[in-house]
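Hi,

Here is the structure I said I would pass on. Have a look at it first, and then read on for what turned up.

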Amino acid sequence: MNYVEHTFGFPFTDGSTREVAVMVAEGTGLGYSSQPSGGMCLWAIHSWTIVREPEGLTRYILIHLASGSNFPLCLYSEQHMRAWLELIAPLADWTLPIERLVKQPGYPTREELCELHRQAVGSVLCAVCGKLFLPRTSGRKPLYCSAACKQVAYRLRKGGVL
Ligand SMILES: [Zn+2]
């Protein structure tokens, strides 16, 4: 996939336009922009949930270029954003206007978008509580989502259950 930076003037609902610098995935009709994190954001890690995102990161947002619409799921690494975009791009013809785009047979559902989002970030299932979580460390993938779950696992192991 080839990416080129391009500035778009996307329309606002009040009739004004906002200038957005977008990394365009050439030929796909999709691109992404970035901005500092620190607000509320939809996150797919625990299904389709609104979370307060961590501050001090860069938030990446996927954009449908023909309409300027954002996809309401964020990512915090450019590598993850590109992985997600490249999973989504083949599903539909994203160069179409939004009214025609959403009627295409391949247009992904919310759940499919979440599932691909999870694949893109490489999230894993907690071995204790079964929740999906995002491993924070590089290297070996952790088995448990939290210190609490890790403790439960430790007690279970000591008791001979795990
Ligand atoms: Zn857990």
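To get you started: which residue in β2 does Phe8 stand opposite? That would be Val20. Do keep in mind that this is a predicted model.

Now for the sheet itself. Five strands make up an open sheet, paired antiparallel and ordered β1-β2-β3-β6-β7. The edges are taken by β1 (3-11) and β7 (69-75), and each has a single partner strand, so one side of each has no neighbour in the sheet. On average, neighbouring strands here are turned by 35 degrees against each other, direction ignored.

As a bit of background, strands of a sheet pair through backbone hydrogen bonds, in a parallel or an antiparallel way.

Going through some of the pairs:

- β1 and β2 (residues 17-25) are antiparallel, with nine bridges between them.
- β3 and β6 also run antiparallel, joined by seven bridges. If you want a spot to look at, Gln35 has Arg59 in β6 as its bridge partner.
- β6 and β7 run antiparallel too, with four bridges. Here Tyr60 has Leu75 in β7 as its bridge partner.

β6 and β7 also form a hairpin, with four residues between the two strands. Check out Gly68 in that turn: its phi is positive, at about 80 degrees.

Last, the helix. α1 (residues 78-88) lies across β2, β3 (30-36), β6 (58-64) and β7. Relative to β6, α1 runs at about 20 degrees.

Cheers

How values were computed: Residues numbered from 1 in each chain as written. Predicted model: local features only at pLDDT ≥ 70, side-chain atom pairs only at ≥ 80, totals over all residues. Pairing = 2+ DSSP bridges. Axes fitted to C-alpha atoms, helices over the stretch in contact; angles between N-to-C directions. Contact = placed C-beta atoms within 7 Å.
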